[in-house]
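Please open the model in your viewer and keep the selection tool at hand. The stops below say what to select and what is there.

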Amino acid sequence: MRFIHTADWQIGKPFKQFGDRESVLRQARLVAIEKIGQLAEREGAAHVLVAGDVYDSEAPTSRTLLEPLERMRGFANVAWHLLPGNHDPHRPKGVWDRLRENGTPVNVHLHLTAEPVALDQHATLLSAPLTRKSEVADLTEWMDSAETAPGLIRIGLAHGSVVGFGAGGEANNPIDPRRPGRAGLGYLTLGDWHRTMKVGPVVWYAGTPEPDRAGSQEYGQALVVDIAGPDAPATVTPHVVGTYRWLTREEHLADPTELDDLETRLRALPDLSSTILRIFLKGTLPLAGRAVLDRRLLGLTAALFHLEADQSALLIRPTATDLEAIDFGGVLRNAADRLRSMTDDDTIGLVKKRRAEEALVQLFVMATGSGEGTL
Amino acid sequence: MKITSVIVEGVGKFGTRSEIVGLGPGVNILAAGNEAGKSTLFRAVRSCLFERHNTKNEIVRNLATDGVSLPVTVTLGFEHEDQDYTITKSFIKSPAASLRRGSTEIARGREADEMVWELLGVAPGSGRSVDEAAFGILWVGQGQSFRVPEPSEAATTTLNSAIQEEVGTLVGGERARSVLASLKEELAQLVTDTGRPKAGGLLAEATSRLDALQSDLADGEARLSVLDSQLVQLGAKRNEQARLADPALVTKMTTDLQLAQLDLKTGNEAAALLTQFGIAERLSKAGLDRAEQRLDDLQDCRTRIDENRKRDAKVREELTPLDDQEQAARGTIRNASDEVAALDAQAEQEGEQEHTLQLLATAVARTDARTPLIRQQHLLEELGERLVKNAASLANNHATASVMKSLDDIEREISLLTARIEAAAPEVAIELGVRGAGHVTIGATPLVGNVVQAAINRLTIRVADIAIITVSPPATANAADQKKCLGSQKLRTKLIEGAGVMSVDELRAAGALRQALETDARGLQAEFTALGIPDKSSALAIERIKTEIEEIDTLVRETLLQTKLEILPTAEAIADRQNGLRQNRATARRKRQALDGAMAAQNAILSNLAATRGRLGGSLTEIQKSLDGDLAILPDGDRERLIADANAVLAGAQDDYRIKAAALEGQRQKAPSQEEMERRKNRVARLRSALEGQNAQLGTLDRDIANLEGQIQNAGGDGLGEKVESLRQERDLTQREVEKHMARVETLQLLKQTIDDCYKEQRDRLHAPLRRHLQPFLNDVFPAAELELGDGFAITGIKRNGPTTETFERLSAGTQEQIAVLVRLAMGAMICERGQPVPVILDDALVFSDDDRIEQMFDALNRAGQKQQVIVLTCRTRAFATLGGRQLYISSNIGEPIVP
């Protein structure tokens, strides 16, 4: 028995922070479905189990509702099994009823009730669909007593947070990680956690096939699951199916000369044009260095799909040269000295210190004319 | 520098050579009236120092004297660095320039022009003007003194160089201003001066967008919340629908209802049977009651027949004696009636006699009043005659009271006038001698003795044949009085004639007579009033008395005729006969009362007898009626048989009732109770209601579900959830954008404020030397005041009373002028201290100063005069009298013509 485990497509999710390129990322999520279909065909998997959150919203537009169906329809030899999650719970006349009323392709199956469904002559699928956004009970509990024909592989399909697995899940929909043992499951197909995660030998979160946030999964993945028989162990193999890489880096700067190295390393990243980089800059730079940093970041912004540089932890400490560049004396130099003393004053509060730093940078830029090309 | 002499020729009104005399160190004042040429001299001095000798510019051309074809020549003597110099320039015609140190010419022409500038520290160049260096600040032309000193670039350089020697320079000021301008420009795009988002700026635009997004998001979230609520409701209603439509529940409810309805039907049938038995029992009981009643009625009838027959016999016995009693009473009443008729006839006869006596009494009484009436008639006739005579006399007498008063007034006036005429007339006194008697006449009257009289009119005195003496009063003496006297006499004559008499005495006699007649008239009137007769009605009264006498005579005649008597009896005889008649009437009245009482008693007896007869007759009728009815029911012949039949019917009815009552009680034991039937009905109603309610609830649920599904479909179909999520992101993004702009504003404001502060500190330090020199002058005029200076030594404000700053523009024109002059003096002192003493020249300054303030300004000018030359040109000779210093004057036609 070989099938594809995927989850958390969240079709229709907006990406407003990317401005006019929002549609690119929305489109990428549909492309990921095709890549999953291609993976299934390539790996000979007849079934794709989608463990919840197919849609980002309970009330998507009709186009958003139907677009993924059309992508799945294109893979006629693959059976797609969709499960409601906390983003798209199954409620009367909700998103799933809309789908049903509209009609789904024959290779798309909706699992909207907690009952065993035969996948083929080897396996039975036990689904635990969410009927509301937040459940306090473990909906997989029914699987313990679910009767299936002997000799079939029992595969669980659920969406929620594994009890005791930390607070990473988005909703309070608890799932007992010991469920496979209690319910005789050969594999528990989980969704909700956007990172690929192995909870146990037969309990996995597939992660999202196309990441949607920084600090989570870098590449979108889907899992190929092999189970030889009812009592055989599951073999799980992650495959990259995402297009865009969501990368988060933290860099420490202590000297302007390190800027060269930083830029070199960042430019060496693969697939720059499809990389979304969030960089946390720490350390200390002089005013001149900060101006150079801004120019270099501007260049990198053009190279990457998206760059978000967080400089809130980057301290600006002007050197004597910086200050002389502003002026050797006189009004502007006095102002620079006064602002510098504010940046060292712990009694004025962090916000004011930060404003003093920014004012100092601004003064440097205006006094030296080095502002051109900054972000 | 110190100006020591000024000589002009061909300048303005000074066509001939003229000089300012008296110039020296300290304060110099040239006080002269308007048009004296002070300002012309001021301009001439400036041109001599700063204009090239060969220029023909407007300044120089305006100096030339009108109509004189002489060159404009100015000679200025000055002391500089302990050397005496003289510069002489001729403009327009034969231009020339000569500079002498002492008596030695050291330069000529262009060289002289420029050497002066070099001496005075003015940078060489063309187009020199008075605004160069310190002169521009310290030489204040007419109408310029109230202006704030705005040093030209060169003057500022001079001031700055003076300051630099003390505190250095303002470093980086220009760069700071440039940065500040850029900051202001960027800030102005974001916020207003008050810190609010600038309309159309990025911040305002982002804030506006944020507001709109938050509004849209709130709307979307509200709609989403409604959708969520609808989804929850739909789920709950679907569950409720499934629960209510459960077949087992429906079957159970239906079965329960059927069983309950059956129970109710059984109970209803038993109850119907019970009702039937009840009706039969009640009908049987009614039959029994009727049989008992029939027997009782027959027995009562028998008893009543027997009793009525006994009562009839008794009533008939009581009726027998009543006829005799009635006949006796009626006989007594007839006798009494006859006696009453006799009494009435007697009374009628005596009434007629009494009437006749009354007529006679009246006639006698009227006859007694006839004699007094005749006397009154005679009295009235006499009074009437007297009254007519009195009225006639009064009508013929015209000496009324008003006429008499007018006479008195006229005579008093004549006496007064006569006395005044006589007093004014010549007095003629004649004393007759022994032989004069009879030989002297006045007018026609001979004198017999001495006489003294006034010659009111022309008076002729004849002395025998010896002489005729005429005394004539002056024509004009007392003419007016005489005229008035004559007028009064005419009035008196007219009054006498009007009264129908001949003289004053006759008029006065007629007046007395009229007073007597009026007294008589009032007496007659009083007599009439005493008789009760109104004024002028005596004839009526006499007529009325006559009529009354005739009425009395008529009455007597008629009474005698009616009573058939010859004469009237006396009053006493009439009274005796009337008393007799009254006694008879009293006796008849007593008798009549006794008869009336007897008849009333008999009538009462008759009434009682009639009442008793009626009552007994009624009883007989009632007894007979009862007997007739009862005998119809129970004839004497069938009495026993009918009673026996009634007893037999009663026995049968009693048997039937016992049977029916037993059957009813038996059914009552079998049928359910009322409470049980009520319970069965309630149960059926409850079960039916539950079933109907459930069906209704299902129907409502169906409708609700359909409605909710429709609403959800509408809301969900347009991608509401997706839209809200998108709005959330946009809102967050815009929120960050606003925060970024706000942070940018804060940063720029902090930078601007910091640069502003530093700039101000530096400027304040730069101004310190000027302040130091200004303070003594300021104290002279505005004690303890503090001046605020801005860029380029601009005066921005002054603090006089506490920390509040008054802006310069809001001060009065006088105060502005005084402060401007003080600042100039301070600048002059500062430059002077640095070894460049420049005279201060004020042309027609302090025109707006009041008396107190100008004295204080004089103190300040004298303070300046202690270290440098101060030249004051003014037309206000009296106001500037206390300035002190050197008094200058202009001397013309002095010495030789000026030759450069």
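Select strand β16 of chain A, residues 275-285; 9 bridges join this strand to β17(A), and the two run parallel. Strands here are DSSP runs of E of at least two residues, helices are runs of H or I of at least four, and both are numbered from the N terminus. Two strands count as paired if DSSP finds at least two bridges between them. As an example, pick G283(A): its bridge partner in β17(A) is L314(A).

This is a predicted model, in which local features need pLDDT of at least 70 and side-chain atom pairs count only at pLDDT 80 or more, while totals for chains, interfaces and linings use all residues. Residues are numbered from 1 along each chain as its sequence is written, and chains are lettered from A and ligands numbered from 1 in the order in which they are written.

Now show the whole sheet. It is an open sheet of 3 strands in chain A, in the order β15-β16-β17, with parallel pairing. Strands β15 (245-253) and β17 (306-316) of chain A each have a single partner strand, so one side of each is left without a neighbour in the sheet. From one strand to the next, the twist averages 10°.

Next, colour by chain. In all, 35 residues of chain A are in contact (C-beta atoms, placed from the backbone, within 7 Å) with 38 residues of chain B. On the chain A side, the elements that give two or more residues are α2 (62-73), α8 (330-343) and α9 (350-368).

Select α9(A) together with α18(B). Which residues meet here? R355(A), A356(A), E358(A), A359(A), Q362(A) and L363(A) meet E746(B), T747(B), L748(B), L750(B), L751(B) and T754(B). The two axes come within 8 Å and cross at roughly 70°; axes are lines fitted to C-alpha atoms over the stretch in contact, and angles run from 0 to 180 degrees between N-to-C directions. That makes α9(A) roughly perpendicular to α18(B), a label used for 65 to 115 degrees.

Finally, look for the largest nonpolar core, which has 123 residues. A nonpolar core is a set of buried Ala, Val, Leu, Ile, Met, Phe, Trp, Tyr and Cys residues joined through C-beta atoms within 7 Å; buried means that 20 or more other C-beta atoms lie within 10 Å of a residue's own. Helix α18 (residues 720-781) of chain B gives the most to this core, with 10 residues. A second, separate core of 71 residues includes I29(B), F42(B), L99(B) and L888(B).

Note on methods:
Contact = placed C-beta atoms within 7 Å. Buried ≥ 20, exposed ≤ 12 C-beta atoms within 10 Å, placed from the backbone. Parallel < 35°, antiparallel > 145°, perpendicular 65-115°, else oblique.
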